[in-house]
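Here are my notes on the model you asked me to look over. Have it open on screen while you read.

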Amino acid sequence: MKRLRPFTVVLLAILVTLLLVAYDRHARAAQPYGDKEPDVQPPAESPDWKRMGKPQPGEWLAVFSEPGQTFAEYKKQCKNRKTDKLNKMYLVPLGDIAQEEPQLIEKSAQYLGIFFDCDVVTLPAVPLPEEAYTRKRDQYNADRLLDGVVLPMVKEKPDALAMIALANEDMYHGGLNFVFGVASLEDRVGVYSVARFHGVIELKDDSLELLRTIKLASHETGHIFGMYHCTFYECVMNGTNSLTETDRRPAHLCPVCLRKLEWNTGLNALERYKKLEKFFADAKLKEEAEFCKRRIKELEKFRSSAPKTANEKRKTP
Ligand SMILES: [Zn+2]
Ligand SMILES: [Zn+2]
């Protein structure tokens with residue numbers, strides 16, 4: 001047999017590697033993550049709904065093996081549900097963030113109100129307590145902020161579905177190097193930090209900082225509403241291990257997680273998407289606004305093709 005020249009061997013090796021990578025990508029996309037199947041389907045087929053595949057090294061699901069939470073499980077597990085008496089969210093700026101970034105606080109409050117279909121009240125800023133600061137790490141202990149500041153505040157507000165603190169200081173929690181936020185599934189409290197959204201490099205684009213902040217705030221507040229990390233679709237409720245993973249994940253809820261929130265709050269999905277679309281368009285977040293537009297079109301089509309009720313039929317001339 002004719003001997004292959006080294007150059008040809010290298011070329012063949014590259015070709016085989018490329019084929020293997022392509023095959024692996026295909027396998028990853030074709031094989032959904034975990035054993036559970038979603039128990040809520042999208043209203044219509046759309047490339048917007050991407051199932052979570054095999055996690056890549058370093059991603060949240062590669063590090064933490066999580067089973068996910070179906071809609072049926074959520075209904076059994078949820079301990080915090082909106083009622084006539086429990087229907088407000090409170091946002092409290094921690095430290096200097098309200099002076100440094102008043103727009104960010106205002107926009108976050110507005111977004112959370114639309115996202116969770118609740119009134120949001122922004123409280124006066126509260127100073128960061130010295131005892132929550134760990135000097136040798138130059139970070140704040142998120143648990144101490146939660147227990148020492150936020151928990152006593154929620155106890156004074158019997159109508160609070162959620163008490164959320166937003167800070168501009170780096171935080172850590174347990175054995176983790178840092179956290180963007182922590183929230184309690186039972187105590188209606190959360191504390192989030194935007195420090196890493198702009199701390200490493202000076203952000204030129206304010207809309208990126210806003211997008212990261214509202215993703216974080218809605219994700220953590222989703223936990224306060226009893227939602228576990230989503231393992232079914234690419235969704236704002238996916239766990240993320242890094243800023244790049246957060247940036248890769250969408251700002252929206254998948255069909256399963258949206259169904260959970262509909263059941264919890266009684267929100268109207270169509271009206272919610274209309275308000276979200278306006279919010280995103282005003283904030284110059286084009287992709288997110290386009291996503292909402294597609295959902296509005298889909299839901300309006302679905303509504304117009306739904307069979308009419310007996311009452312509506314009677315009114316028809
Ligand atoms: Zn989370
Ligand atoms: Zn989801």
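1. Ground rules first. This is a predicted model, in which local features need pLDDT of at least 70 and side-chain atom pairs count only at pLDDT 80 or more, while totals for chains, interfaces and linings use all residues. Residues are numbered from 1 along each chain as its sequence is written, and chains are lettered from A and ligands numbered from 1 in the order in which they are written.

2. The overall picture. The chain's secondary structure comes to 13 helices and nine strands; helices (H or I, at least four residues) and strands (E, at least two) are DSSP runs, numbered from the N terminus. Of its 317 residues, 34% count as buried. Here buried is 20 or more other C-beta atoms within 10 Å of a residue's own, exposed is 12 or fewer, and partly exposed is in between, with C-beta atoms placed from the backbone. Among contacts between residues at least 6 apart in sequence, 68% join residues at least 24 apart; a contact has the two C-beta atoms, placed from the backbone, within 7 Å.

3. The core. In soluble globular proteins, nonpolar side chains tend to be buried together. The largest nonpolar core in this model has 71 residues, and Leu145, Ile164, Ala165, Leu166 and Cys257 have the most contacts inside it. (Such a core is a set of buried Ala, Val, Leu, Ile, Met, Phe, Trp, Tyr and Cys residues joined through C-beta atoms within 7 Å.) Strand 5 (residues 160-167) gives the most to this core, with eight residues. Beyond its neighbours within four places in sequence, Ala165 touches Val92, Leu94, Leu145, Val149, Val150 and Val191.

4. Helix 5 against helix 8. The axes of helix 5 (residues 102-115) and helix 8 (residues 206-224) come within 10 Å and cross at roughly 45°. Axes are lines fitted to C-alpha atoms, for helices over the stretch in contact, and angles run from 0 to 180 degrees between N-to-C directions. That makes this pair oblique: under 35 degrees is roughly parallel, over 145 roughly antiparallel, 65 to 115 roughly perpendicular and the rest oblique. Residues on the helix 5 side include Leu104, Tyr111 and Phe115, and those on the helix 8 side include Leu210, Ile214 and Ala217.

5. Helix 5 against helix 11. With helix 11 (residues 269-282), helix 5 packs at an angle of about 160°, the axes being 9 Å apart, and the two are therefore roughly antiparallel. Here Gln110, Tyr111 and Ile114 in helix 5 meet Arg272, Lys275, Leu276 and Phe279 in helix 11.

6. What covers helix 10? Helix 3 and helix 11 are among the elements over its buried residues. In helix 10 (residues 255-265), those buried include Cys257, Arg259 and Lys260. Ala72, in helix 3 (residues 71-77), is exposed, with 10 other C-beta atoms within 10 Å. The C-alpha atoms of Ala72 and Lys260 are 8.9 Å apart, across 188 residues of chain.

7. Positive phi values to look at. Gly266, which follows helix 10, has phi near 75°. Asp117, not a glycine, has phi near 55°; Asp117 sits in the loop between helix 5 and strand 2 (119-122) and is partly exposed, with 19 other C-beta atoms within 10 Å. Lys284 has phi near 60°, lies in the loop between helix 11 and helix 12 (286-305), and counts as exposed, with 12 C-beta neighbours inside 10 Å.
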